[in-house]
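I will look things up one at a time and note what I find.

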Amino acid sequence: MHSKPSSPAAQVPSGISRREFLATSSAALIAGSLSPETSLAAESPTTAKLALNGGEKAVKTSVKQAIRWGEPERERLNAMLGQDTLFYWKGPQTTLMIERFKNICPLKYVQPCSSGTAALHIAVAAAGIGPGDEVITSPITDIGTVIGVIYQQGVPVFADLGASTYNLDPADVERRITPKTKAIIAVHLCGNPCDLRALKAIADKHGLVLIEDAAQAWGAKHRGQPIGNVGHITCFSLQNSKHITCGDGGLVASNDERFGPLLQRFGDKGSDRVKGGLFELFATNYRMSEPQAAVVAAQLERLEGIVSQRAKVGNLLTEQITGLPGVLPHQVHPEDRCGYWFYFFRIKPEAFRYNRAEFVKALAAEGVETSAGYIPVPLHRNPVFLKHGFFAGRWPVRELGLTTMDYSKHQTPEAEAILQTGIRIGINEVMTEDYISGVAEAIRKVARHYAV
Ligand SMILES: *Cc1c(COP(=O)(O)O)cnc(C)c1O
């Protein structure tokens, strides 16, 4: 999923400030014909006519696309082209990339791989997930979170989510634990850290492996610590839409002596490049190569700038829409840093006269980069889950009686509600506080106009 902010600059006559301009246009409106509702508090910009109905746009600043790569990447790629091998193992670009990764996320074992999906597959394989083993995770995520579980013949079990964090609800996770549960995959949705303390306590109490899906959480911090340091294994994606990228790629990392050494083997056809020897494990080829590592090494140097700016504007948006009737801001723990892969807020349908689609239309008309929802339905509501048709239309673990899972009966009501009432605001690292204040103003304006 991509965040592509691109709204044209709203025209503010030169020589006057935005506030003066708004005041002037409000005054002009008051002089003209106004609905009684609007004239009550006509001083506020939020009561100005909706842009949808021909009013001035709330967002006055144009959104620029971030420039995501350039000279540093070119330098690394040039260095890479001077090498006589492009293989990852002990490759100079891979070595540099891992060193820079460890500066950001200090984990002992790091395995580069071909995607976030690959990273997650490697993680569940290293965690020992096998036929019939249950892995509890979020139903609102990229399908890559569970692809590896299903390929290992494990069974994804979807738990419900926090109403405003959109992350695993630890109480519901605990309710879904059975004797077959082996692991939890905590997805830090939008780069917002999960309640890792609670999830780790549950994992420890029940002897489960805690895997962090940090695909959307580059640069995030949990209670001041870099993301990835609480779970046993952490997975990152370097896919094009993520904070940093090489087009496609991933990293999987661990500090745990039980799992760490296995990451290389499960990412590299089961072969042990440290000790050598015969195949003792079975795995596929998920290797990254030097060209990708070269780009990632350069991208990692950009990360802090990218995430700190996104965190700043995302938090500012929350600050500015908190307390607005009918609007639930994106909830982030005050001691955490969310990298806002995108900003996600919810509306209470009963608070408004118009539905979400109309709300989003009005926001877009105000100049906001926005869309309704995220994935269309929770993962298990997709046909392949409803039909249990994972392998040539069949699901061996169910046919063999290793699971009784029936996804057509699986319920995660809060997740359904989140997807039906969530509104997505595109965030990028070149957005200014001025732009975000315009977005907040647009949300206030639309909420006020559409309030019951
Ligand atoms: C992107 C993403 C993945 C999969 O990563 P790919 O690199 O696209 O395979 C997994 N989980 C989440 C939460 C993601 O956002």
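**Entry 1: the pocket**

I sorted the lining of the largest pocket by class: 9 residues are nonpolar, 6 are polar and 6 are charged. I keep in mind that this is a predicted model. The lining has 21 residues in total. Trp89, Val110, Gln111, Gln264 and Val274 lie nearest the centre of the pocket. I looked up the volume too, and it is about 460 Å³.

Which elements give two or more residues to this lining? I found α4 (92-104), β1 (109-113) and α9 (260-266). The largest share comes from α9, with 5 residues.

**Entry 2: the sheet**

Next I traced the sheet. It is open and has 7 strands, in the order β1-β9-β8-β5-β4-β2-β3. The pairing is mixed. I reminded myself that strands of a sheet pair through backbone hydrogen bonds, either parallel or antiparallel.

Which strands stand at the edges? They are β1 and β3 (155-158). Each has a single partner strand, so one side of each is left without a neighbour in the sheet. I also noted the twist, which averages 20° from one strand to the next.

Then I checked what packs on the sheet. Helix α5 (residues 116-126) does, and it touches β1, β4 (181-187), β5, β8 and β9 (250-254). The direction of α5 makes about 165° with that of β8.

**Entry 3: strand pairs**

I went through some pairs of strands. β2 and β4 are parallel, with 4 bridges. In this pair, Ile136 stands opposite Ile184 of β4.

β4 also pairs with β5 in the parallel sense, over 5 bridges. Here Ile184 has Leu210 of β5 as its bridge partner.

On to β5 (residues 209-213) and β8 (residues 233-237). These two run parallel and are joined by 3 bridges. Ile211 has Ile233 of β8 as its bridge partner.

Is β4 enclosed or open? I found 6 of its 7 residues buried, so β4 is largely enclosed by the rest of the structure.

**Entry 4: Val209**

Is Val209 buried or exposed? Its relative accessible area is 8%. Buried means under 20%, so Val209 counts as buried.

What does Val209 touch, leaving out residues up to four places away in sequence? I listed Ala127, Lys182, Ala183, Ile184, His232, Ile233 and Phe259. I looked at His232 again. It sits 23 residues from Val209 along the chain, and their C-alpha atoms are separated by 6.3 Å.

**Entry 5: helix α6**

Last, I turned to helix α6 (residues 144-151).

I made one more note just after α6. Gln153 takes a positive phi of about 70° there.

Definitions and conventions
Residues numbered from 1 in each chain as written. Predicted model: local features only at pLDDT ≥ 70, side-chain atom pairs only at ≥ 80, totals over all residues. Heavy atoms only, no water. 1 Å grid on protein atoms, 1.4 Å probe; cavity = no way out; pocket = protein on both sides within 12 Å on 5 of 7 lines; lining within 4 Å. Points joined across faces, edges and corners; volume = space filled by probe spheres on them. Nonpolar A, V, L, I, M, F, W, Y, C, P; charged D, E, K, R; others polar. Pairing = 2+ DSSP bridges. Axes fitted to C-alpha atoms, helices over the stretch in contact; angles between N-to-C directions. Contact = heavy atoms within 4.5 Å. Buried < 20%, exposed > 50% of the residue type's maximum accessible area, 1.4 Å probe, protein only.
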